[in-house]
Amino acid sequence: MISDSDIQKVREATDIVALFAERQQMRQRGRDFWCCCPFHSERTPSCKVDPNTQLWHCFGCGEGGDVFSYVMKAEDMTFVEAVHFLADKAHVDIEETEGKGISRGHKQRLRDVCKAAADFFHNQLMRGVSSGAARARQYLAGRNFGGDVPKNWNLGYAPGSASLVDYLTSLNFKAEEMLDANVASRDSSGRIRDRFFDRVMFPINDASGECIAFGGRIIGDGNPKYLNSQETAIFHKSQVLYGLDKAKTQMASSGSAIVVEGYTDVIALHEAGIRNVVATLGTALTMQHIRLLSRHAGRRIVYLFDGDEAGQRAAERALQFIDYAMTPEAGKTKMEICAVTLPNGLDPAEFVAAHGKSGLDDLLQNAKPLIVYGIERRIAKHDIGTAEGRSAALVDALQILIPIKESVLAKDYAAQIAGMVHVREADALEKLASLKQPSRKSYVPESEKPNTVRTTTLPEAEMNRLRFEREFLGLAAQNPLLALGFADTMSKTRWHDKQHCCIADAIVAALMENPGISAADLIAKASLVSKYAPAILTAAEVSDGSSAADKLAYLANEISIGDGEEAMAALKAKLIAGNIEDADAAFNELVAMQRRLTELRQTRNLS
């Protein structure tokens, strides 16, 4: 665990505006800076970065937080990794102590397990005398992966039968470490066994070249054909690309990356001299993958799809990546994602074997922008020789443009689609304008039941109450010194949202522990009790001509009035129903409530 003082040192040494400016164009308005949100598609800036509080908030998608939450989301890191990342950038030395969670020491042990396992598998392939090892060598030779290929890629063979477990035990690795690294599993009797049995092994490395997982291809018949490591503390499929450690240098020099779908395709293309190639690991390409590639390959990614049915399904899924990053409006952050399908149902290894490097180079040079690729695929599915087919093709193709419908590029493509399906350009533009973008709001309050579907709309009064609560908590968190004066209000409020209650308790506790706490630290404390805290607490704003103190006082008063009205209504209901023992005392309490409520309302009128 990293100490609070070290975290604070890193936060103070980091310029949040400069951090955002590495990826986004910043525009100053008053004391704040604004940019297009890095995490969702938009044309106009809705992401506010406040250099005074070191906080950011996007009013388009609802995300927000401090420098650490930004790095965690932008770089797909854990909190500890984000702290180290920023510490390295700011040249701040930090130390870790033991505590809860997975330590870097444990993660390193898992990497050590994977390295030892990779060495074991490689030795079995190169020197094993079993029939299984011989068949593994024969399989690789049949794929033209003989000679130096197994050495270059550290390929291996997994014999199974607890041979790996025995070997790792001899190196003093613990059973739990083998299980956590996912190179072993427990059988029904509880004994530790090898996870991989009679398979050709492909070590999966991180970007720095350290082994963190494995893929195993069965020899002969059997299922599953490919078996990957499961997710572990050091391996997340959506964030890792096979071959990136070998491809990143060529990516940097060429300015582009090629994405394929299998280990053998990566190896075949690298060995053919095409060395800016990586593969996903049994998953579709994700935005995390794209951000990872953009750090090494500049701004051009070519997605190379197999010509078979599975490849075509992957091509359709890839259309989800169309967004404003592909438009000229994105400026220096513009990302060019292109796509190409291999002909005749071939995969990349088969194509390069038949046509060589030059043939694949020609194909890649003619890769089309993903938008064009998608439009042509959608139109090709319909018979535009009929009126019904033309109408269906128009709608299907225009759907691709929804994420960028407000851009000039989308309108240009809509005009092109009109020509391709033989309809009027005005009709295409009108149809494009009518298509609705999916909502990207990421924060949903507890009262709206996250992960469930609401069938009713909350009353306007309740929506206002929830809004008052959010704004009050946000202003309190962003102004800790002012919040001290409202700690009593936060403690007594009958919060209408469970998340608001948790956050309020965390704010009060943090203020009592450290009255001089910064806004960023206060929000970080609240984030420990609620995942919604960063989005809620960074959203509040003060309009021109007013102050945070005035608005806090107003909101506190409104919340107190609401609580008073609810308490009076509840007590009246009990009196009417006769569900109360001392009616006289209850009546006197009701009168006192009415008096306090009148005073609060008078305060409202004065303000």
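Helices (H or I, at least four residues) and strands (E, at least two) are taken here as DSSP runs, numbered from the N terminus. The model is predicted, and for that reason local features need pLDDT of at least 70 and side-chain atom pairs count only at pLDDT 80 or more, whereas totals for chains, interfaces and linings use all residues. Residues are numbered from 1 along each chain as its sequence is written, and side-chain values use heavy atoms, with hydrogens and water left out.

Leu484 is placed in the loop between helix 20 (480-483) and helix 21 (487-492). With a relative accessibility of 32%, Leu484 counts as partly exposed, a class lying between buried (under 20% relative accessible area) and exposed (over 50%), with a 1.4 Å probe and protein chains only. Together with Leu481 and Met512, Leu484 makes a nonpolar surface patch of about 310 Å²; patches are made of residues with over 30% relative accessible area and no salt bridge, nonpolar side chains (Val, Leu, Ile, Met, Phe, Trp, Tyr) being joined within 5 Å and like charges within 9 Å.

Helix 11 (residues 263-271) is, by contrast, mostly covered, eight of its nine residues being buried. The buried residues of helix 11 include Tyr263, Asp265 and His270, and the helix is followed by Gly273, whose phi is positive, near 100 degrees.

Salt bridges, defined by a side-chain nitrogen of Lys or Arg within 4 Å of a carboxyl oxygen of Asp or Glu, number 28 in the whole structure. In one of them, Glu541 and Lys48 meet through their side chains at 3.8 Å, N to O. Because Glu541 belongs to the loop between helix 24 (533-537) and helix 25 (548-577) while Lys48 belongs to strand 3, this pair ties together parts that are 493 residues apart in sequence. Glu541 is partly exposed at 34% relative accessibility, whereas Lys48 is buried, at 7%.

A salt bridge is also formed by Lys357 and Asp361, with the closest N and O atoms 2.8 Å apart; these residues are four apart in helix 14 (residues 348-365), and are therefore separated by about one helical turn. Lys357 is partly exposed at 37% relative accessibility, as is Asp361 at 27%.

The side chains of Lys551 and Glu471 likewise meet in a salt bridge (3.7 Å, N to O). Lys551 lies in helix 25 and Glu471 in helix 19 (residues 460-478), so that this pair ties together parts 80 residues apart in sequence.

Note on methods
Areas by Shrake-Rupley, 256 points an atom, 1.4 Å probe, with all protein chains shown as cover.
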